Amino acid sequence: MISLSSLYINFQYMVHGFKPKLVARAASGYAHYFLGAKPRLRYVDCILHYACNLKCEHCSCEGLKNLSRKQLIPEEWGKVARQAEALGAIIFGVQGGEPLIYPQLQEVIQQLAPSRNFISIKTNGTIASQELFMRLKKWKVDSVTVGFGPVPNEFEFEGYDQITRRLKDAFATSLKSVEILAKVGIKPMMSVVISRRNIRSKVFYAMIDLAKQYHCVLNCALAVPVGCWEFDYDLMLRPQDRRELELIMRKYPHVRTDFQTNWCINGCGALKEKIYISPYGDVLPCPFIHISFGNVREEPLEVIWRRGFKTNTFNEYADVCLAAEDKIFLSYLEIAEHKDIQLPIRYDDSGVKKLLSTTRAQRIGQEKLTNK
């Protein structure tokens, strides 16, 4: 069960923009879960494109880019949104790439019905301005998450700007965006990537204080060996690192992972409550699990969604991030590489299908045998 403090923070964000229809739909969703009903969708990641003004060393979508495929247009996003709403979704997260450079951003936001849904945008914060954020507020965007990526260990940002983000003054510019968001009245969030290498970072602890100062959430995305970090397993948090992060989150309730953004149950909500839709219409469990369960241009979203959470892997709320902490599950990346398949690999690939038939407990047992 999610803690009361996390539920309260979720409630604060939900009511910030005063959208009565959204509050009513959210109340219905919570009632659905408290009454013990079946899984209900909550969150949809809408990836408009993979274009970006940065070339971050940790970019997770690098392997998903495919210039030969046609991207969804705003009207198609609207059709997807109506299907997602019917399944319970109340939050639409607009992402990229960098969504703020997407030429039809306003059209997509309007297609997502902002009067009755919570609209969130995730940006790297390096091209934002007060004028742009004022436009987003006018378009009824509820929250903007500024992603800082993997923060350095020390207060020396030259290497971070030049290597991690590959843009001069990137950290300072992103931080300024948080300040502007608070000023114009959009509820900000901050996001950092936490790995084995920076879990004890001085900058991470400073950002915990900064997020508290701005009255916003600091979301910790766990380092995942995909995209530009593909197969870099040394980045993954060890169990002792995860325990340390849990202690931090207990001490500072505004620090969280995606586990605390489910309806009520604490754990991995991928495919049960959250889905990721690529610019090409592929439906994935999350931004970091590159397995496609179908395409919205070919099948109804409900068919794809139910197919996904009925698998043994995704019909349970795993107590770890599958993409960042379950090494056996990550073997799907090796399956794709061995077969020379561009990601996302399909759910019905023979090797992937066998993997999806396993539970978390079975994979733990398999890992113990492997490590003997």
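This is a predicted model: local features need pLDDT of at least 70, side-chain atom pairs count only at pLDDT 80 or more; totals for chains, interfaces and linings use all residues.

Residues are numbered from 1 along each chain as its sequence is written, and side-chain values use heavy atoms, with hydrogens and water left out.

**Thr126**

Select Thr126, in the loop between β3 (118-123) and α5 (130-138); helices (H or I, at least four residues) and strands (E, at least two) are DSSP runs, numbered from the N terminus. Thr126 counts as buried because its relative accessibility is 12% (buried is under 20% relative accessible area, exposed over 50%, partly exposed in between, with a 1.4 Å probe and protein chains only). Now show its polar contacts (N or O atoms within 3.5 Å, one able to donate a hydrogen and the other to accept it; residues adjacent in sequence count only if both atoms are side-chain atoms). The Thr126 side chain makes one with the side chain of Asn53 at 2.9 Å and another with the side chain of Asn124 at 2.6 Å.

**Rings**

Next, pick Phe314 and Phe329. Rings of Phe, Tyr and Trp (its six-membered ring) pair if their centres lie within 6.5 Å, with planes under 30 degrees apart called stacked, over 60 edge-to-face and the rest tilted. That rule gives 11 aromatic pairs. In this one the centres are 6.1 Å apart and the planes sit at 90°, so Phe314 and Phe329 are edge-to-face. The pair links distant parts of the chain, 15 residues apart: Phe314 is in the loop between α10 (301-309) and α11 (322-325), Phe329 in the loop between α11 and α12 (331-338). Buried or exposed, Phe314 and Phe329? Both are buried.

Most residues other than glycine have a negative phi, and most peptide bonds are trans. Zoom to Gly96 and Gly97: a cis peptide bond joins them, with omega about 20°. Gly97 is in the loop between β2 (91-95) and α4 (105-111). Another cis bond joins Leu343 and Pro344, omega about 5°.

Then colour by phi. Leu271, not a glycine, has a positive phi of about 70°, and counts as buried at 0% relative accessibility. Asp340 isn't a glycine either, with a positive phi of about 55°, but Asp340 is exposed, at 70% relative accessible area.
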